[in-house]
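Subject: Structure for you to look at

Hello,

Here is the structure I promised. Please open it and keep it beside you while you read my notes.

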Amino acid sequence: MTTTTLLIYVLAAVAAATWLRSRKQSPIPTIAEAEGVLSSHRTALRFLGNATDVVARGCHQFPEGVFRLPTLFRWEYVANGLQRLSEIAAAPENILSFHDGAADSLQTEYTIGAAVKHNPYHVATVRGSLTRNLARCFPDVRDEIVHAFNDVLALEGKEWKSFHVLPQVMQIVARTSNRLFVGLPLCRNQEFLDLNVNYTIHIFTRGQLIKLIPEFLKPTLAPWFSSKNSSLRHALKFLGPLLEERLAKDQELGADYPDRPNDAISWLLDIATDEERTVPALALRILVINMAAIHTSSTTLTSALYDLTMYPEHMQPMREEAERVIAEEGWSKASLASMHKIDSFLRESQRLSATGALGLTRRVVAKDGFTFSDGTTVPHGAFLSVPANAIHGDPDNYENPEVFDGFRFSRHRKQGSALADPEDTNVNGAVFTQHMVTTSPEHVAFGHGRHACPGRFFAATELKAMLAHMLINYDVKADVEGVRPSDMVFGAMRTPSATGKIMIRRRV
Ligand code: HEM
């Protein structure tokens with residue numbers, strides 16, 4: 001047994017004891033299997049390995065209600081029913097805090113630093129400038145996709161070759177995203193890309209380890225696990241001189257000088273004030289945007305590729321669609337909007353794979369707790385979530401929910417396809433509820449409501465362009481026919497296998 005494993009066991013034991021001590025009575029009911037001290041302890045451990053099943057049992061027992069289930073440290077409150085989900089999604093930050101929820105899930109105070117939580121101005125950058133500039137920047141994104149696939153896959157002839165999917169996809173996504181964030185030549189610097197990929201992985205994995213440390217020991221122990229300081233120091237090697245130059249130019253010439261780069265550095269500088277206008281603070285925001293973009297987009301594309309090899313009947317119709325659209329309209333953000341089957345396939349893959357057992361996690365920060373319209377109150381300080389996997393698998397929300405039906409959304413949108421811009425999520429027409437970027441109480445892969453992912457327009461553009469590029473240029477098949485690499489599950493988190501492989505060969 002390694003020291004790390006031993007440490008994890010010790011921490012888990014301490015955590016379990018802490019949880020047992022901190023159990024409180026509450027008017028919100030507990031799931032049946034967790035009644036009694038030993039049973040709740042067992043359920044808390046079972047939640048680590050099979051949270052989806054534990055939550056599903058709760059949903060079955062309380063089809064229209066709020067229930068509690070035990071985890072190692074605390075009670076997790078779960079709100080079942082679409083009406084309750086809508087109420088959570090609409091609640092303001094000073095009642096239900098998204099940032100306090102994320103601070104807990106990713107232990108952001110230790111993995112990223114408190115400043116980002118206290119002033120999350122980068123969210124406005126992503127929601128505003130980044131999204132507005134997508135069409136204009138698309139030629140660069142497309143150019144980077146072509147180069148990244150060529151370099152990362154490095155396929156010469158037309159022989160099949162086996163690839164570990166997630167690590168390769170992370171490289172491609174990191175490089176393509178950074179073309180938009182920091183531009184050439186830095187977006188192709190391998191050391192810079194590795195730094196961003198590794199820091200992203202650290203936040204998600206070490207955040208989970210830090211979560212196991214009892215609260216009072218965190219200030220002492222957590223810094224040992226976090227790579228925040230070393231990653232920032234490393235990032236400054238690349239971003240330091242670049243940011244110094246950009247800050248000096250903005251200072252000297254203002255924000256409108258000719259040839260000011262149209263990238264995330266400029267977009268951050270447009271909003272950053274006071275202490276955020278320093279080189280280390282700006283470098284940290286670049287790392288944070290990378291973190292938000294790389295993990296989520298890479299796991300989404302990886303799952304979609306596993307699904308493509310499991311359900312290969314989708315390949316030819318999507319390939320024909322991509323080839324026809326490109327022949328008629330060329331590569332652009334607008335032409336991607338005509339790729340309905342590809343859009344639908346990605347959305348269906350997200351439905352079945354993108355979420356863990358819980359989603360929309362918020363901390364109740366209102367001092368009197370959070371009261372639903374039916375009068376149920378969840379106490380101050382509680383962590384409240386929705387049963388994401390159960391929602392995506394509910395027969396009331398989807399016909400044959402257990403079936404992977406890649407074109408279920410493109411079939412629906414066809415019925416109303418005469419309506420206007422499919423990217424317009426504000427239009428109340430049935431057709432628009434089926435688009436990849438559209439969030440709804442039935443589809444929460446990008447969250448829903450006030451904090452719905454602001455990067456989803458970029459993510460959808462990038463992922464659709466990547467999948468279309470793959471379909472046109474490459475054949476893919478399962479590494480072992482009929483076997484989908486198993487997802488990795490830890491508590492409420494779920495990601496596609498990091499070691500799974502698929503076979504790829506060049507078509508053209
Ligand atoms: C397929 C890719 C992606 C998925 C599945 C995804 C998913 C999510 C989810 C589930 C949330 C929380 C929503 C909630 O709880 O209501 C979120 C928030 C966020 N995402 Fe994404 N995301 C993706 C890509 C991106 C990209 C590319 C960026 C940046 C360029 C980004 C930036 C953010 C930010 C900044 C937030 C926090 C929003 C806030 O504080 O209100 N995401 N994302």
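**The ligand and its surroundings**

In the side chain of R362, an N or O atom sits 2.9 Å from an oxygen atom of the ligand. That is a polar contact, meaning a pair of N or O atoms within 3.5 Å; within protein, one must be able to donate a hydrogen and the other to accept it, and residues adjacent in sequence count only if both atoms are side-chain atoms. H451 also reaches a ligand oxygen, with a polar side-chain atom 2.6 Å away. H448 uses its backbone instead: an N or O atom there is 3.5 Å from an oxygen atom of the ligand.

A word on the source. This is a predicted model, where local features need pLDDT of at least 70, side-chain atom pairs count only at pLDDT 80 or more, and totals for chains, interfaces and linings use all residues. Residues are numbered from 1 along each chain as its sequence is written, and side-chain values use heavy atoms, with hydrogens and water left out.

Which protein atom is the donor to the iron atom of the ligand? The single one is SG of C453, 2.3 Å away. Donors are N, O and S atoms within 2.8 Å of the metal (3.2 Å for Na, K and Ca); water is not among the atoms, so sites may look incomplete. C453 lies in the loop between helix 19 (408-414) and helix 20 (456-473). Helices (H or I, at least four residues) and strands (E, at least two) are DSSP runs, numbered from the N terminus.

The ligand has 24 residues around it. Each has a heavy atom within 4 Å of it. F98, T300, R362, H451 and C453 come nearest. Helix 14 gives the largest share of this shell, five residues. By class, the shell has 14 nonpolar residues, nine polar and one charged. Here Ala, Val, Leu, Ile, Met, Phe, Trp, Tyr, Cys and Pro count as nonpolar, Asp, Glu, Lys and Arg as charged, and the others, Gly among them, as polar.

**Two loops to check**

The peptide bond from L184 to P185 is cis, with omega near 0 degrees. P185 is in the loop between helix 9 and helix 10 (190-211). D259 has a positive phi, near 65 degrees, and is not a glycine. Look for D259 in the loop between helix 12 (228-253) and helix 13 (264-269).

Best wishes
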